[in-house]
Amino acid sequence: GREETNIVDCLLLSHCLWSTKDNKDKVIEIVEDAVRNSGFDTEFNMKDIDEEKVKLLTILIINFFFKIF
């Protein structure tokens, strides 16, 4: 474990601060911009990663859930 946080930990906030689907993308953008402007470039687009996660979860649900039942 670590004894202190670092700027990258702020990226986790992008998953906690939005309250509706309408503001989710904007919150992710604001948090990523804040981290990037602090001098740290993640080279990751969290929105794209989030969208890919949803696609993969959908595939898993379709392939496993519906095949079981």
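Is Lys53 buried, exposed or partly exposed? Lys53 is partly exposed, with a relative accessible area of 44%; in this scale, buried means under 20% relative accessible area, exposed means over 50%, and partly exposed lies in between (1.4 Å probe, protein chains only). The structure is a predicted model, in which local features need pLDDT of at least 70 and side-chain atom pairs count only at pLDDT 80 or more, while totals for chains, interfaces and linings use all residues. Residues are numbered from 1 along each chain as its sequence is written, and side-chain values use heavy atoms, with hydrogens and water left out.

The secondary structure of the chain consists of 2 helices and 0 strands. Helices (H or I, at least four residues) and strands (E, at least two) are DSSP runs, numbered from the N terminus. Helix α1 covers residues 21–37 and contains Ile30. Helix α2 covers residues 46–68 and contains Ile62; Lys53 also has its place in helix α2.

The overall dimensions of the chain were computed next. The radius of gyration is 16 Å, whereas a compact globule of 69 residues would have a value near 11 Å. This radius is taken over C-alpha atoms, and the globule rule is 2.2 Å times the number of residues to the power 0.38. Along the principal axes, the C-alpha atoms fill a box of roughly 50 × 35 × 20 Å. Of the 69 residues, 16% count as buried. Among contacts with a separation of 6 or more, 33% are made by residues 24 or more positions apart, a contact being heavy atoms within 4.5 Å.

Ile30 and Ser14 are 16 residues apart along the chain, and their C-alpha atoms are separated by 8.3 Å. Ile30 is partly exposed, at a relative accessible area of 48%. Lys53 and Trp18 are 35 residues apart in sequence, and the distance from C-alpha to C-alpha is 17 Å.

The chain exposes about 5,900 Å², of which carbon and sulfur atoms supply 61%. Accessible areas come from the Shrake-Rupley method with a 1.4 Å probe, and for residues only the protein chains shown count as cover. A nonpolar patch on the surface is formed by Leu57, Leu60, Ile61, Ile62, Phe64, Phe65 and Phe66, which together have about 720 Å² of accessible area. Patches are made of residues with over 30% relative accessible area and no salt bridge; like charges are joined within 9 Å, and nonpolar side chains (Val, Leu, Ile, Met, Phe, Trp, Tyr) within 5 Å. Ile62, one of the patch residues, counts as partly exposed because its relative accessibility is 46%.

Side chains of opposite charge can pair when their charged atoms come close. The structure holds 5 salt bridges, each defined as a side-chain nitrogen of Lys or Arg within 4 Å of a carboxyl oxygen of Asp or Glu. Arg2 is bridged to Asp9, with the closest N and O atoms 2.9 Å apart. Arg2 counts as exposed, at 54% relative accessibility, while Asp9 is partly exposed, at 22%.

Lys26 and Glu29 meet in a salt bridge of 3.5 Å, N to O; both residues lie in helix α1, 3 residues apart, which is about one turn of the helix. Lys26 is partly exposed at 45% relative accessibility, and Glu29 is partly exposed at 37%. Arg36 forms a salt bridge with Asp33, the closest N and O atoms being 2.9 Å apart. Because Arg36 and Asp33 are 3 residues apart in helix α1, about one helical turn separates them. Both are partly exposed, Arg36 with a relative accessible area of 33% and Asp33 with 30%.

A disulfide is a covalent bond between the sulfur atoms of two cysteines. The search of the whole structure, with a disulfide taken as a pair of cysteine sulfur atoms within 2.5 Å, finds 0 disulfides. Cys10 is in no disulfide, and the nearest cysteine sulfur, that of Cys16, is 11 Å away. Cys16 is likewise in no disulfide. Cys10 is partly exposed, with a relative accessible area of 28%, whereas Cys16 counts as exposed, at 59%.
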